[in-house]
Amino acid sequence: MNKGELVDQVAKMATVTKKQADAVITATFETIMEAVSEGDKVTLVGFGSFESRERKAREGRNPKTGEKMDIPATKVPAFSAGKQFREKVAPPKDE
């Protein structure tokens, strides 16, 4: 599903126009990205959490030459699915 398809589904489910749905989805994504880029954690109960994580500096290899190279430390965005989301994707198996 791409953003256009998401907008269509949200507009249909919320009984709003596609333009309104697009504005809300765009604002939501921008707000989450802004908060995470500032170091905040965004938690949507049942859905999941967005946060930035530190990736340590490490040594890697150039895939073309095999030469060793240093990969610097960096911050990366991360998403952790909430319990409801995980269970929707992979329902628990009854024993």
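**Note on the predicted model: pocket, sheet, hairpin and salt bridges**

1. The lining of the largest pocket comprises 7 nonpolar residues, 1 polar residue and no charged ones. Here Ala, Val, Leu, Ile, Met, Phe, Trp, Tyr, Cys and Pro count as nonpolar, Asp, Glu, Lys and Arg as charged, and the others, Gly among them, as polar. The lining residues are Val24, Ile25, Thr28, Phe29, Ile32, Leu44, Phe47 and Phe50. Helix H2 (residues 18-37) contributes the most, with 5 residues. The space amounts to about 210 Å³. A pocket is an open set of points on a 1 Å grid over the protein atoms alone, where a 1.4 Å probe fits, with protein on both sides within 12 Å along at least five of seven lines; lining residues have an atom within 4 Å of a point. The volume is the space filled by probe spheres set on the points, which are joined across faces, edges and corners.

2. On the source: this is a predicted model, where local features need pLDDT of at least 70 and side-chain atom pairs pLDDT 80 or more, while totals for chains, interfaces and linings use all residues. Residues are numbered from 1 along each chain as its sequence is written, and side-chain values use heavy atoms, leaving out hydrogens and water.

3. Three strands form an open antiparallel sheet in the order S1-S2-S5. S1 (42-44) and S5 (74-81) are the edges, each with a single partner strand, so one side of each has no neighbour in the sheet. Strands are DSSP runs of E, at least two residues; helices are runs of H or I, at least four; both are numbered from the N terminus. Pairing takes at least two DSSP bridges between two strands.

4. S2 (residues 48-55) and S5 are joined by 8 bridges. Arginine 53 has valine 76 in S5 as its bridge partner. H2 lies across S1 and S2, at about 35° to S2. Contact means heavy atoms within 4.5 Å. Axes are lines fitted to C-alpha atoms, for helices over the stretch in contact, with angles from 0 to 180 degrees between N-to-C directions.

5. S3 (residues 58-61) and S4 (residues 68-71) run antiparallel, with 4 bridges. Arginine 58 partners isoleucine 71, and arginine 61 partners lysine 68. In this hairpin, with 6 residues between the strands, glycine 66 has a positive phi near 80°.

6. There are 4 salt bridges (a side-chain nitrogen of Lys or Arg within 4 Å of a carboxyl oxygen of Asp or Glu). One of them joins lysine 3 and aspartate 22 at 3.4 Å, N to O. Lysine 3 is in H1 (residues 3-14) and aspartate 22 in H2, so the pair ties together parts 19 residues apart in sequence.
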